[in-house]
Amino acid sequence: MFDGLFKNRRVKRVAFELYNSAVNQARLPVFYTDLGVPDTLEGRFDMISLHVFLVLRRLKHEGAPMVDLGQAVFDAMFADFDRNFREMGVGDFGVGNRVKKLARGFYGRVAAYDEGLEGDDTILMAALSRNVYRRSEPSAEQVSQLTTYFRNQLAAVEQHHLTALTDGDPGFIEFEPRSEGSPDVR
């Protein structure tokens, strides 16, 4: 009886750590300064979604044993959104509607990113432009750099040791601007 209780606590703890890592990565200033991602609630949601997507994709590819962890990461993300809306003063009814809208948006992004990753960079760039940049007008170079970053992060997360992942480390790699102002993944 207690094994299940402790297992559930551990899964939730690891899920929270994975989600927190995704949020921390999504908050890197370089996205908003150099890559032109809008520094708005929507832009931050899009960057969090992008990084959580990478974690969930990896867990999904690990098969059945990781389903609970993937669901817990998803749950941690939407519990955090719910909490943030409440802290901003949104009422109970409004929170539910906003979280549902974000969930639909997240599922749409998952489908678009999966399709983009299966295709060439043109498809992925279109998905990133449509979702991350929305109504802003990034340069082709900014979209290209975000596409390269996304593919590099995907490779890093997919190659990261499963034990480290299940300890709460998704394996994101550093992302710093190059001296001439263009972002570079190191």
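Modeller: A salt bridge here is a side-chain nitrogen of Lys or Arg within 4 Å of a carboxyl oxygen of Asp or Glu. The model is predicted: local features need pLDDT of at least 70, side-chain atom pairs count only at pLDDT 80 or more, and totals for chains, interfaces and linings use all residues. Residues are numbered from 1 along each chain as its sequence is written, and side-chain values use heavy atoms, leaving out hydrogens and water.

Biologist: Thanks! In which order do the elements of the protein chain run from the N terminus on?

Modeller: The secondary structure of the protein chain comes to 8 helices and 2 strands. Both are DSSP runs numbered from the N terminus, helices being H or I with at least four residues and strands E with at least two. Read from the N terminus on, the order is α-α-α-α-α-α-α-α-β-β.

Biologist: What share of the 186 residues in the protein chain is buried?

Modeller: Buried means under 20% relative accessible area, exposed over 50%, and partly exposed in between (1.4 Å probe, protein chains only). Applied to the 186 residues of the protein chain, that cut-off gives a buried share of 44%.

Biologist: Which helix holds Asp 114, the partner of Arg 57?

Modeller: Arg 57 and Asp 114 meet through their side chains in a salt bridge of 2.6 Å, N to O. The two are 57 residues apart and link distant parts of the chain: Arg 57 is in helix H3 (residues 41–61), and Asp 114 is in helix H5 (residues 92–118).

Biologist: And what is the relative accessible area of Arg 58?

Modeller: Arg 58 pairs with Glu 62 in a salt bridge of 2.9 Å, N to O. Glu 62 is partly exposed because its relative accessibility is 31%. Arg 58, in contrast, counts as buried because its relative accessible area is 5%.

Biologist: Which element gives the largest share of the lining of the largest pocket?

Modeller: On a 1 Å grid over the protein atoms alone, a pocket is an open set of points where a 1.4 Å probe fits, with protein on both sides within 12 Å along at least five of seven lines; lining residues have an atom within 4 Å of a point. The largest pocket is lined by 25 residues, and those nearest its centre are Leu 41, Phe 45, Phe 81, Phe 85 and Leu 102. H1, H3, helix H4 (67–87) and H5 each give two or more residues to this lining. The largest share, 6 residues, comes from H4.

Biologist: Which element gives the largest share of the lining of the second largest pocket?

Modeller: The second largest pocket has 15 lining residues, with Leu 56, Arg 57, Lys 60, Gly 70 and Gln 71 nearest its centre. Elements giving two or more residues to that lining are H3, H4 and H5. Here the largest share, 5 residues, comes from H3.
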